[in-house]
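Hi,

Here is the structure I promised to pass on to you.

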Amino acid sequence: MKGKCLCGLIEFDLKEDIPNLYQCHCSLCRKVTGSSANAAFRISADQLLWKNGVEQIREFITETGFKSHFCNNCGSPLPNLTANDSAYWVPVGLLEDSEELTLVAHLFIDSRAKWDVVADTGEHFAEMPDAETLDRLLRPTKTVI
Ligand SMILES: [Zn+2]
Ligand SMILES: [Zn+2]
């Protein structure tokens, strides 16, 4: 599976199947996406391979540690490493093909925008669920035969 930014300078490959998706409705994710929520998944750090354009990647980190990586040329949000560097957060809209993927969780429902109508698909969490709960939901359920 390939992913690309809007201008195409930055490309990456994903080696394993895409796990389940979540959306975060917090105020920071709204700013980063310019929309009601992000839609993303997490994948082991060694399963993402940068193919092109790494020199175009720019990084912004807030005082509280919230990270945003983006393309220097077109501004697309880009995958970035989670706090302990073990996994990449990947915005699902960057994927070149739209597979059958499952949205399993909505985070920070309590701080969503007033106009945001949250889909019934997936579990709703007022804030951030504990790591174990979220990991269980995001784990891929499809098995390759
Ligand atoms: Zn770009
Ligand atoms: Zn968020």
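Below is what I found, going from the whole chain down to single residues.

One thing before the details: this is a predicted model.

**The chain as a whole**

The protein chain has two helices and 12 strands. In sequence order they follow the pattern β-β-β-α-β-β-β-β-β-β-β-β-β-α. The radius of gyration is 15 Å, close to the 15 Å that the globule rule gives for 145 residues, so the chain is as compact as a globular protein of that length.

Buried residues make up 24% of the 145 residues. As for contacts with a separation of 6 or more, 60% of them involve residues 24 or more positions apart.

**The core**

The largest nonpolar core has 21 residues, and Tyr22, Phe41 and Val90 are the ones that touch the most other members. Which elements give two or more residues to this core? They are strand S3 (21–24), strand S4 (40–44), strand S10 (87–91) and strand S11 (103–107).

Leaving out residues up to four places away in sequence, Tyr22 touches Ala40, Val104, Ala105, Leu107 and Leu138.

**The S1-S2-S5 sheet**

Next, have a look at an open sheet of three strands, which has the order S1-S2-S5 and antiparallel pairing. Strand S1 (2–4) and strand S5 (48–52) are at the edges with a single partner strand each, so one side of each has no neighbour in the sheet. Neighbouring strands here are turned by 25 degrees against each other on average, direction ignored.

Strand S2 (residues 11–14) and S5 run antiparallel and are joined by four bridges. To find the pairing on screen, look for Leu14, which stands opposite Leu48 in S5.

**The S6-S7-S8 sheet**

There is also an open sheet of three strands in the order S6-S7-S8, again with antiparallel pairing. Its edges are strand S6 (57–61) and strand S8 (77–78); each has a single partner strand, so one side of each is left without a neighbour in the sheet.

S6 pairs with strand S7 (residues 67–71) in the antiparallel sense, over five bridges.

How many of the five residues of S6 are buried? The count is zero, and S6 is hardly covered.

**A residue in helix H2**

Last, Asp135, which you will find in helix H2 (residues 131–138). Is Asp135 buried or partly exposed? With 13 other C-beta atoms within 10 Å, Asp135 is partly exposed, since a residue needs 20 or more such atoms to be buried and 12 or fewer to be exposed. Asp135 and Thr62 are 73 residues apart along the chain, and their C-alpha atoms are separated by 25 Å.

That's everything from me for now. Happy browsing!

Terms used. Residues numbered from 1 in each chain as written. Chains lettered and ligands numbered in written order. Predicted model: local features only at pLDDT ≥ 70, side-chain atom pairs only at ≥ 80, totals over all residues. Core = buried A, V, L, I, M, F, W, Y, C linked by C-beta atoms within 7 Å. Contact = placed C-beta atoms within 7 Å. Pairing = 2+ DSSP bridges. Rg over C-alpha atoms; globule rule 2.2 N^0.38 Å. Axes fitted to C-alpha atoms, helices over the stretch in contact; angles between N-to-C directions.
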